[in-house]
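I opened this structure for a look around. These are my notes, in the order I made them.

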Amino acid sequence: MTSHAAVPFRHGLLSISAAAVAWGVGGAVAALLLRTTGLGAVAVSFWRFAVAALCLSLLPSAGREGGPVRRGAAVLTGVGLAVSQCAYFGSVQFAGLGLGTLVTIGAGPVLTSLGGHVLLGERLTGRAAVAVVLALGGLALLVAAPAAGPRPALGVALAVLAGAGQSGLTLWARGGGSARASTGAFATGLLCLLPLAAAQGILPTAGDPAVTGGALLFLGTVPTLFAYRWYFRGLTAVPGTTAAVLVLLEPATAAVIGVAFLGEPLTAGLVAGSALLLAAIAALARG
């Protein structure tokens, strides 16, 4: 018989898994925009936050902050999201979709499990430890694949920065922080990115306007507005280490899309690495 405690945990697993898949698809859409529209990583991130903030602001009661504590939490969440997402899109631009996504998420299990153990007193179970080892092995195989971007070293550095930002938000939320995908959070991220986006060029200079608009609308809703809400909701029931490994569905999704639609190479390392990532997720789902 399923216990009451098991239900929210499994719902949390599903929410975080759905968010990770949405992020993987979002990375592919961002890579397409970077290739075809003349927009840079900061400008794409700016439009992503702008669409999410606008959609939330149109809802009469969703995502509102009440009081200085929640407003402060929204600012902190927005800054963290702006740094991590802008760095991630930069990594995709310079290292390619597959490598950029993999390194970004690869830092997650290590940093989150270490931080959860040291800062939050979370116990690292045997199953979680095995999942982390499998995940890191899979990532090592995937990172060894040839890079598709023009400046892989810069892309990897940006990916590590993005991974550190995401891990920080995960630990803060698990530790009781009010991390929410709110209007204030997205508006803060928008304001942080506006000066750099304006300097880089905020409007598309190439591509079909209808396709670009549709891609930006998708990017601001499914992998941003919806996915972050799913993710933060899942963190209320799922330990940080488990969440960090589940998020590895993102690079697996990105790798498949990169090979199938963006012309990135398919290697034995990619297949084996993706299999290890899925094995890590299966180990956690059985727990």
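The entries below go from the overall build to single residues.

**Ground rules.** I am working with a predicted model, where local features need pLDDT of at least 70, side-chain atom pairs count only at pLDDT 80 or more, and totals for chains, interfaces and linings use all residues. Residues are numbered from 1 along each chain as its sequence is written, and side-chain values use heavy atoms, with hydrogens and water left out.

**Overall build.** I looked up the secondary structure and found eleven helices and zero strands. Helices (H or I, at least four residues) and strands (E, at least two) are DSSP runs, numbered from the N terminus. From the N terminus on, the order reads α-α-α-α-α-α-α-α-α-α-α. I then checked burial: of the 287 residues in the protein, 52% are buried. Buried means under 20% relative accessible area, exposed over 50%, and partly exposed in between, with a 1.4 Å probe and protein chains only.

**Cores.** Which residues touch the most other members of the largest nonpolar core? I found Ile16, Phe186 and Tyr231, in a core of 42 residues. Helix α2 (residues 41-57) gives this core its largest share, seven residues. A second, separate core has 22 residues, among them Ala30, Ala31, Tyr88 and Phe89. A nonpolar core here is a set of buried Ala, Val, Leu, Ile, Met, Phe, Trp, Tyr and Cys residues joined through side-chain atoms within 4.5 Å. I noted the general background: in soluble globular proteins, nonpolar side chains tend to be buried together.

**Aromatic pairs.** My search of the whole structure gave eight aromatic pairs. Rings of Phe, Tyr and Trp (its six-membered ring) pair if their centres lie within 6.5 Å; planes under 30 degrees apart count as stacked, over 60 as edge-to-face and the rest as tilted. Trp23 and Tyr228 have ring centres 5.0 Å apart and planes at 50 degrees, so I logged the pair as tilted. Trp23 is in helix α1 (residues 6-36) and Tyr228 in helix α8 (residues 209-235), so the pair ties together parts 205 residues apart in sequence. Both Trp23 and Tyr228 are buried. Tyr88 and Phe89 are also tilted, because their planes stand at 40 degrees, with ring centres 5.6 Å apart. Tyr88 and Phe89 are both buried. I also found one aromatic cluster formed by Trp23, Tyr228, Tyr231 and Phe232.

**Cysteines.** How many disulfides does a search of the whole structure find? The search returned zero. The cut-off for a disulfide is a pair of cysteine sulfur atoms within 2.5 Å. Cys55 is partly exposed at 24% relative accessible area, whereas Cys86 is buried at 16%.

**Surface patch.** Val75, Val79, Val83 and Leu161 make a nonpolar surface patch of about 280 Å². Helix α3 (residues 68-95) supplies the largest share, three residues. Val79 is placed in helix α3. Val79 has 34% relative accessibility, so I put it down as partly exposed.

**Two spot checks.** Is Val42 buried or exposed? Val42 is buried, with a relative accessible area of 11%, and lies in helix α2. Val42 and Leu196 are 154 residues apart in sequence, yet their C-alpha atoms are 6.7 Å apart. Val156 sits in helix α6 (residues 152-174). At 28% relative accessibility, Val156 is partly exposed.

Methods:
Patch = residues over 30% accessible without salt bridge, like charges linked within 9 Å, V, L, I, M, F, W, Y side chains within 5 Å. Areas by Shrake-Rupley, 256 points an atom, 1.4 Å probe, with all protein chains shown as cover. Salt bridge = Lys/Arg side-chain N within 4 Å of Asp/Glu carboxyl O.
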